[in-house]
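Colleague: Could we walk through this structure together, starting with the ligand and then moving on to a pair of helices?

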Amino acid sequence: MDLAMDKATAKRVEGIRALGASQIRPLGLEADRLGRPTPPDHAFFELLLRAGQGRTRWTGEEAPASSEDEGARVGSSRTVLCLAEEMSYWDRGVAVSFPGPGLGEPPLLSMGTLDQKQRFLGPFQDPDRPRWGSFAMTEPGAGSDVAAIATSARKDGDAWILNGAKSFAANASRADWIVVWATVNPKLGREGHRAFVVERGMKGLADFKVERKMGLKAYESTSFTMSDCRVPTANLIGGEEHYATRAGFKGAMRSFNATRPLVAAMAVGIGRAALDESLCFARENDLLADSRIRDRLERIRRRLRVARLLCWKAAWLADYQRPNILEASMAKATAPTVALEAASLGMEMLGEVGARGDHLVEKLFRDVKAMDIVEGTGQVQRIVMARKLVGLPRD
Ligand SMILES: Cc1cc2nc3c(=O)[nH]c(=O)nc-3n(C[C@H](O)[C@H](O)[C@H](O)COP(=O)(O)OP(=O)(O)OC[C@H]3O[C@@H](n4cnc5c(N)ncnc54)[C@H](O)[C@@H]3O)c2cc1C
């Protein structure tokens, strides 16, 4: 595994750093102060588009890059992780608000037909305006236990009828489409799952409500309902044949294996910001003469670097088409914990300054908690890893 950052990635990270200081962090602080997401018509999103952001990773080919040659490199997840970490250093909420297909992209890339990629990812190749995609698995009664989703899908001629409610879907109310997971039969558990692209304006898609969150306020996490929502059969991702085996559930899990290291890298970014701000506070307040404080700060830096290496290993395995379930879980279980510890140490050092609620470390402390929850909680990752350690199947 090559640990060096290639020149092109380093240049892009530098670009994000400049944008971070001038735009991303100020926007994140503003959203936090106002307690609402950055509106979709904000000039910042147009600026991002002109800078080449908001695009799909889909190259226009039918299948995602793959190779007959097992072990050949097919992706550049490391670059994506480095950019995500840097964006999150400046503000993770703003990073998630960036236009683009978002978490809806991995299932379309891995399971979608060429027609579906053209219809749903095509507009993101050279977008004419800021566009968003969304991903909705979680429901009021189904979070970690995704097998419990109750949104129903019933076939009716040339359409599927969806009924149910989803919650906490990122950017859902501004999205062109939402990848919605539903079940054809709850008794089948995960084997009954199907993924649909529900397009904005489809009849029955309604009740969008931006959730209140303790942190990460710059992007919307949204609940919505589907009442007899008629979705054309052409929007069932992968078509019916795709679900003849257990592939339906595996599709969702494959998506998570790709996105867990990404979320973990974002946590590393927040942790780094908390460490830098804590160091700055300690320096300004003559706290660095205390060896216990120096020791605790150093321990955080060391553990953040370890977490980053775990993220990179998971990404490297994915790029070389090797199984990465364990490494993706390790990264996801480790990085948010260290990042939370970084913010927590900062809060301890700040004392009453932190308690006033207007210091960046206090905001990071609120932002970072969600990183242990999204894309599979830390507890759930530990269950997955422990089962793997003793040779039990995943579930
Ligand atoms: C900021 C944010 C953004 C999100 N974005 C999205 C999104 O874009 N799309 C989407 O679909 N969802 C999204 N979610 C939802 C997220 O995926 C769920 O919150 C997560 O899966 C956990 O589900 P839950 O909140 O229902 O908690 P629960 O599953 O009810 O878990 C509650 C607690 O119990 C623990 N627990 C659960 N099962 C077990 C077990 N078997 N053994 C031991 N402990 C267990 C958990 O670790 C947790 O601590 C988002 C959530 C947040 C907070």
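Predicted model: local features only at pLDDT ≥ 70, side-chain atom pairs only at ≥ 80, totals over all residues.

Colleague: How far is the polar side-chain atom of T138 from a nitrogen atom of the ligand?

Modeller: The cut-off to keep in mind for such a pair is 3.5 Å. T138 brings a polar side-chain atom to a nitrogen atom of the ligand, and the distance is 2.6 Å.

Colleague: Which residue has a side-chain N or O atom 2.7 Å from an oxygen atom of the ligand?

Modeller: For A170, the polar atom lies in the backbone, 3.0 Å from a ligand oxygen. The side-chain N or O atom at 2.7 Å from a ligand oxygen belongs to T377.

Colleague: How much of the ligand does the protein bury?

Modeller: On its own, the ligand exposes 980 Å². Of that area, the protein buries 63%.

Colleague: Which element gives the most residues to the shell around the ligand?

Modeller: The shell has eleven nonpolar, five polar and one charged residues. At least two residues each come from β1 (133–136), β3 (159–170) and α11 (378–389). The element that gives the most, with three residues, is β3.

Colleague: Now the helices: how are α1 and α10 oriented to each other?

Modeller: The axes of α1 (residues 7–34) and α10 (residues 360–368) come within 12 Å. They cross at roughly 75°, and angles of 65 to 115 degrees count as roughly perpendicular. The two helices are therefore roughly perpendicular.

Colleague: Which residues of α10 make that contact?

Modeller: By class, the contact has two nonpolar, one polar and four charged residues. From α1 come R25, G28, L29 and D32, and from α10 come L360, K363 and R366.

Definitions and conventions: Residues numbered from 1 in each chain as written. Heavy atoms only, no water. Polar contact = N/O pair within 3.5 Å; in protein donor to acceptor, adjacent residues only side chain to side chain. Areas by Shrake-Rupley, 256 points an atom, 1.4 Å probe, with all protein chains shown as cover. Helix = DSSP H or I, 4+ residues; strand = E, 2+ residues; numbered from the N terminus. Nonpolar A, V, L, I, M, F, W, Y, C, P; charged D, E, K, R; others polar. Axes fitted to C-alpha atoms, helices over the stretch in contact; angles between N-to-C directions. Parallel < 35°, antiparallel > 145°, perpendicular 65-115°, else oblique. Contact = heavy atoms within 4.5 Å.
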